[in-house]
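Here are my notes on this model, point by point. Have the structure open while you read.

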Amino acid sequence: MRYARRLVAGTLAAGALALSLTGCGDSVDPIERMGRKATEDRTSPSPSAPASPSAAGSAVAGDEAYRKWGLNAPLQYAPKPAVKPQVPPAKPGRVQVIDRIPVPADDKVVFLTFDDGAEKNPEFLKMAADLKLPISMFLTDNIASSDYGHFEKLRDNGSNSTINNHTLTHPNLKTLSFAAQKKEICGQQERLEKRFGTKPTRFRPPYGNYNDDTLRAANECGISQLLLWRVSMQINNFQYAEGSALKPGDIILAHFRGPAELKGSTEIEMTTRMLQRIQEQGYRIGRLEDYL
């Protein structure tokens, strides 16, 4: 098992190196290309609800909804699994690190995550509600807090979306001391609890960068899981940490961004392309928290 984990880590490191050499095409953030960092320094309750708007995992968006938002067919949603996948346990005093959900090889399910919180487009709220997109949000306070109400509406639109921690100011945590990292993570825990009523149990480090101090600090702040990703949505297409296609259990990274950061494209256009790519590859959308 340890050999398998080393093999996966090596594969991801190679993928990170390849992407850094070839560039990112239509990337809007070359730094945040993938979740598992290529050079990692180590010394060593969301509410219970159905996994998706569909009780049986079939399409739920009506004809008007999916056509309205530029899709050629209804989205397919994965139901809540009867048994959650087994994620490797955390080391003592640390948090779990997860970059892909270990689902069976024939379970074509992926998960939507959106970071930061810069763009607050009311039309996106309508899109997410119409399509019942289960989005795991990772919010940064100094970016999202100008209108936390926007993300509250997204959380409460009936899709069982969730709000999670992405630090106070979006720093590269690997450059900070343990105390400074803890201030960034715990500080956002407190802000989110004050604003939304509960402390998140999941956290994403900015740029996917973390070290052992991050894992310890997150644990002391009440976090249980550090979430990374293997696939990121750029402006028009996916960028993969390995290979050239989605894999079962992939966590997809996207951002709340507008035309200024998307080279003229809107958040809705970017999201439509992302959903089209998921459909083209025959995948369903799952609710991340139902698998963890």
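1. Let's start with arginine 216, which counts as partly exposed at 25% relative accessibility. For the burial words, buried is under 20% relative accessible area, exposed is over 50%, and partly exposed is in between (1.4 Å probe, protein chains only). The side chain of arginine 216 meets that of aspartate 212 in a salt bridge, at 3.9 Å from N to O. By salt bridge I mean a side-chain nitrogen of Lys or Arg within 4 Å of a carboxyl oxygen of Asp or Glu. Aspartate 212 is buried, with a relative accessible area of 7%. Both residues sit in helix H7, four residues apart, so about one helical turn separates them.

2. Before going further, the ground rules: this is a predicted model, where local features need pLDDT of at least 70, side-chain atom pairs count only at pLDDT 80 or more, and totals for chains, interfaces and linings use all residues. Residues are numbered from 1 along each chain as its sequence is written, and side-chain values use heavy atoms, with hydrogens and water left out.

3. On confidence, the mean pLDDT of the protein is 85, and 78% of its residues reach 70 or more. (pLDDT is the predictor's confidence in each residue, from 0 to 100.) Residues 1–27 stay under 50, and the model has 35 contacts for them beyond four places in sequence. Residues 33–61 are also below 50, with 86 contacts beyond near neighbours in sequence. Contact here means heavy atoms within 4.5 Å.

4. Overall, the protein has eight helices and ten strands. These are DSSP runs numbered from the N terminus: helices are H or I with at least four residues, strands are E with at least two. Of the 292 residues in the protein, 54% are buried. The accessible surface comes to about 12400 Å², and carbon and sulfur atoms hold 52% of that. Those areas come from the Shrake-Rupley method with a 1.4 Å probe, and for residues only the protein chains shown count as cover.

5. How many disulfides does the count come to? One, with a disulfide taken as a pair of cysteine sulfur atoms within 2.5 Å. The partners are cysteine 186 and cysteine 221, their sulfur atoms 1.9 Å apart. Cysteine 186 lies in helix H6 (residues 178–196) and cysteine 221 in the loop between H7 (212–220) and strand S6 (225–227), so the pair ties together parts that are 35 residues apart in sequence. The link is left-handed, with -100° about the S-S bond. Cysteine 186 counts as buried at 16% relative accessibility, and cysteine 221 is buried too, at 6%.

6. H6 itself has 19 residues and reaches 27 Å from its first C-alpha to its last, close to the 27 Å expected at 1.5 Å a residue. That expected span is 1.5 Å times one less than the number of residues. Among the buried residues of H6 are Ile185, Cys186, Leu192 and Phe196. Their cover includes strand S3 (135–139), helix H4 (141–144), helix H5 (148–155), strand S4 (162–165), S5 and H7. Just after H6, glycine 197 takes a positive phi of about 95°.

7. Have a look at H5 as well: its buried residues are Tyr148, Gly149, His150, Phe151 and Leu154. What covers them includes helix H3 (122–131), S3, H4, S4 and H6. Arginine 155 is partly exposed, with a relative accessible area of 23%. Arginine 155 forms a salt bridge with aspartate 156, the closest N and O atoms being 2.8 Å apart.

8. Back to salt bridges: a search of the whole structure finds 18. One of them joins the side chains of arginine 204 and aspartate 115, at 2.8 Å from N to O. Why does this pair tie together parts that are 89 residues apart in sequence? Because arginine 204 lies in the loop between strand S5 (202–203) and H7, while aspartate 115 lies in strand S2 (residues 109–116). Arginine 204 and aspartate 115 are buried. There is also a network of salt bridges linking Asp99, Arg100, Arg230, Glu242 and Asp250.

9. Last one: proline 89, in the loop between helix H2 (63–68) and strand S1 (96–98). Proline 89 is exposed, with a relative accessible area of 69%. Its C-alpha is separated by 9.9 Å from that of glutamine 225, which is 136 residues apart from it along the chain.
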